[in-house]
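Subject: Structure for you to look at

Hello,

Here is the structure I promised to send. Please open it alongside this note and follow the residues as you read.

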Amino acid sequence: MNKFDDREKSFEKKFAKDQELEFKVSARRNKYLGEWTATKLGKSDDQKQSYILELIKADMQEAGDEDVFRKVKKDFENSKMEIEDSEIRNQMSLALERAKEDFK
């Protein structure tokens, strides 16, 4: 192999590692957001775990965070709870920062 091939392989490995880390951070963010949401909704411990899994699955529907936001917003609406969009987005940001810290 020449240096170019070695460099290309190195970039591919870094890309794969970065993608894996991004996935882990996103899943952890959803866990923290799910805990917050489930607590606000008054769910039991068992229900919280199920809800967290639902939220992680919801994040697989499309790229980006809007699928998660819509699920949380809809769940609050279905429970007749009025939570501002800004509060949900703020909690999403806080959960993301906490998740990033977990993987430093």
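A residue is called exposed when its relative accessible area is over 50%, and buried when that area is under 20%. Lys80 has a relative accessible area of 74%, so Lys80 is exposed. Please keep in mind that this is a predicted model.

Lys80 sits in the loop between H3 and H4. Its backbone deserves a look. Phi of Lys80 is near 60 degrees, a positive value in a residue that is not glycine. Gly42 also has a positive phi, near 75 degrees, and follows H1.

**Helix H1**

H1 covers residues 3-40, which makes 38 residues. From first C-alpha to last, H1 reaches 55 Å. That is close to the 56 Å expected at 1.5 Å a residue.

Which residues of H1 are buried? They are Val25, Ser26, Arg29, Asn30, Tyr32, Leu33, Gly34, Trp36, Thr37 and Ala38. These buried residues pack against three helices: H2 (45-58), H3 and H4 (85-102).

**The nonpolar core**

The largest nonpolar core has 17 residues. Leu33, Tyr51, Leu55, Val72, Phe76, Ile88 and Met92 touch the most other members. H1, H2, H3 and H4 each give two or more residues to this core. The largest share comes from H1, with five residues.

Take Val72 as a way in. Leaving aside neighbours within four places in sequence, Val72 is in contact with Leu33, Thr37, Tyr51, Leu55 and Ile88.

The whole structure holds one aromatic pair. Trp36 and Phe76 form this pair, and its geometry is edge-to-face. The centres are 5.7 Å apart, with 75 degrees between the planes. Trp36 is in helix H1 and Phe76 is in helix H3, so the pair ties together parts that are 40 residues apart in sequence. Both Trp36 and Phe76 are buried.

**Lys71**

Now to a charged residue with several partners. Lys71 lies in helix H3, which spans residues 66-78. Is Lys71 buried or exposed? Its relative accessibility is 18%, so Lys71 counts as buried. The cut-off for buried is under 20%.

What does the side chain of Lys71 meet in Glu54 and Asp75? With Glu54, there is a polar contact of 3.2 Å between the side chains. With Asp75, there is a salt bridge of 2.9 Å, N to O. Asp75 and Lys71 are separated by about one helical turn, because they are four residues apart in helix H3. Asp75 has 14% relative accessibility, so Asp75 counts as buried too.

Beyond its neighbours within four places in sequence, Lys71 is in contact with Tyr51, Glu54, Leu55 and Ala58.

**Other salt bridges**

How many salt bridges are there? The count comes to 15. Side chains of opposite charge can pair when their charged atoms come close. Here are two further examples.

- Asp18 and Lys14: the closest N and O atoms of this salt bridge are 2.8 Å apart. Both residues lie in helix H1, four residues apart, about one turn of the helix. Asp18 has a relative accessible area of 35%, so Asp18 is partly exposed.
- Asp102 and Arg28: the closest N and O atoms of this salt bridge are 3.0 Å apart. The pair links distant parts of the chain, with Asp102 in helix H4 and Arg28 in helix H1, 74 residues apart. Asp102 counts as partly exposed, at 34% relative accessibility. Arg28 is partly exposed as well, with a relative accessible area of 28%.

An α-helix has 3.6 residues a turn, so residues three or four places apart point the same way.

**Where to look**

Start with the edge-to-face pair of Trp36 and Phe76. Go on to Lys71, with its salt bridge to Asp75 and its polar contact with Glu54. Finish at Lys80, for its positive phi.

Best wishes

How values were computed. Residues are numbered from 1 along each chain as its sequence is written. This is a predicted model: local features need pLDDT of at least 70, side-chain atom pairs count only at pLDDT 80 or more; totals for chains, interfaces and linings use all residues. Side-chain values use heavy atoms; hydrogens and water are left out. Buried means under 20% relative accessible area, exposed over 50%, partly exposed in between (1.4 Å probe, protein chains only). A polar contact is a pair of N or O atoms within 3.5 Å; within protein, one must be able to donate a hydrogen and the other to accept it, and residues adjacent in sequence count only if both atoms are side-chain atoms. Contact means heavy atoms within 4.5 Å. The expected span of a helix is 1.5 Å times one less than its number of residues. A nonpolar core is a set of buried Ala, Val, Leu, Ile, Met, Phe, Trp, Tyr and Cys residues joined through side-chain atoms within 4.5 Å. A salt bridge is a side-chain nitrogen of Lys or Arg within 4 Å of a carboxyl oxygen of Asp or Glu. Rings of Phe, Tyr and Trp (its six-membered ring) pair if their centres lie within 6.5 Å; planes under 30 degrees apart count as stacked, over 60 as edge-to-face and the rest as tilted.
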